[in-house]
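Below are some notes for a colleague who has not looked at this entry before. Please read them with the model open.

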Amino acid sequence: GAIFYQSMCTQCHGSRGEGNEMIKAPSIAGRPAWYVERQLANFRHGRRGMKSQDVQGALMASIAKVLVPEQMKAVAEVVSKMPFVAPTQSVALKDPNVEEGRFIFMDRCAQCHRFNATGEMTFGSPPLIGLQDWYLLAQIGKFKNGWRGVDPTDPNGTKMQQSSGFIESEQAKHDVVAFILSLNPKKEDETSADSLFSNTQATQ
């Protein structure tokens with residue numbers, strides 16, 4: 001798994017899984033193995049990254065297609081063991097209202113992603129902490145635009161595609177992402193997030 005990650009993932013996602021905003025590669029450090037493996041399978045089988053407008057998704061789909069299931073599982077295990085990396089706020093957010101974002105999140109997102117955005121395997125919902133604001137904004141947009149979550153064999157994606165419709169405006173999108181970002185532990189407390197992630201995985 002470490003060899004596959006080094007040769008196929010490091011160039012975009014970084015040696016620590018920290019991501020790279022310049023090429024819009026998100027942080028993947030500490031993502032649960034079940035989620036990484038599932039998304040690689042989604043890319044491989046055309047459930048994600050199938051829209052020509054989704055340049056980053058199409059690139060990931062081409063990479064996933066060269067991995068066999070055993071390799072995807074091995075890479076996912078490597079990623080899941082990477083220490084959590086707290087994201088820093090970029091210029092992506094435009095005058096967000098964190099309190100309004102809290103209301104939207106608790107009303108529409110917390111049931112699946114949990115109140116602290118650490119995800120829940122039972123619902124197929126990944127952690128949202130640890131992800132950069134520009135990536136979260138992009139993914140909400142992709143679900144809303146039908147670039148992601150429209151394949152009938154991807155029920156979790158379909159659920160998100162429907163849920164994204166409740167984030168009705170561009171302002172609301174920025175508000176909810178700002179609130180998610182506020183849930184991240186500070187850089188000096190990154191190790192505490194690792195225990196949150198492992199607890200999420202332990203629900204299997």
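What radius of gyration would a compact globule with 204 residues have, and what does the protein chain have?

1. Overall size. A compact globule of 204 residues would have a radius of gyration near 17 Å, and the protein chain, at 16 Å, agrees with that. The radius is taken over C-alpha atoms, and the globule rule is 2.2 Å times the number of residues to the power 0.38. Along the principal axes, the C-alpha atoms fill a box of roughly 45 × 40 × 35 Å.

2. Basis of the values. This is a predicted model, in which local features need pLDDT of at least 70 and side-chain atom pairs count only at pLDDT 80 or more, while totals for chains, interfaces and linings use all residues. Residues are numbered from 1 along each chain as its sequence is written, and side-chain values use heavy atoms, with hydrogens and water left out.

3. Secondary structure. The protein chain has 11 helices and zero strands. Helices (H or I, at least four residues) and strands (E, at least two) are DSSP runs, numbered from the N terminus. The pattern along the sequence is α-α-α-α-α-α-α-α-α-α-α.

4. Of the 204 residues in the protein chain, 49% are buried; buried means under 20% relative accessible area, exposed over 50%, and partly exposed in between (1.4 Å probe, protein chains only). Among contacts (heavy atoms within 4.5 Å) with a separation of 6 or more, 69% are between residues 24 or more positions apart.

5. Surface and charge. The accessible surface of the protein chain is about 10,300 Å², and carbon and sulfur atoms hold 56% of that area. Accessible areas come from the Shrake-Rupley method with a 1.4 Å probe; for residues, only the protein chains shown count as cover. The chain has 22 positive and 21 negative charges, and their mean positions are 6 Å apart. Lys and Arg count as positive and Asp and Glu as negative, with His and the chain ends not counted; each charge is placed at NZ of Lys, CZ of Arg, CG of Asp or CD of Glu.

6. Cysteines. How many disulfides are there by the rule used here? The count is zero, where a disulfide is a pair of cysteine sulfur atoms within 2.5 Å. Cys9 is in no disulfide, and the nearest cysteine sulfur, that of Cys12, is 8.7 Å away. Cys9 is buried at 14% relative accessible area, whereas Cys12 is partly exposed at 24%.

7. Two helix residues. Gln39 lies in helix 3 (residues 33-44) and is buried, at 9% relative accessibility. Leaving aside neighbours within four places in sequence, Gln39 is in contact with Arg48 and Arg148. Ala58 is in helix 4 (residues 55-64) and is partly exposed, at 34% relative accessibility. Its C-alpha atom is separated by 29 Å from that of Phe179, which is 121 residues away along the chain.

8. Positive phi values. Which loop holds Asp95? Asp95 is in the loop between helix 5 (69-80) and helix 6 (98-108). Its phi is near 45°, a positive value in a residue other than glycine, and at 71% relative accessibility Asp95 is exposed. Ala117, in the loop between helix 7 (110-113) and helix 8 (133-145), also has a positive phi, near 60°. Ala117 is buried, with a relative accessible area of 0%.
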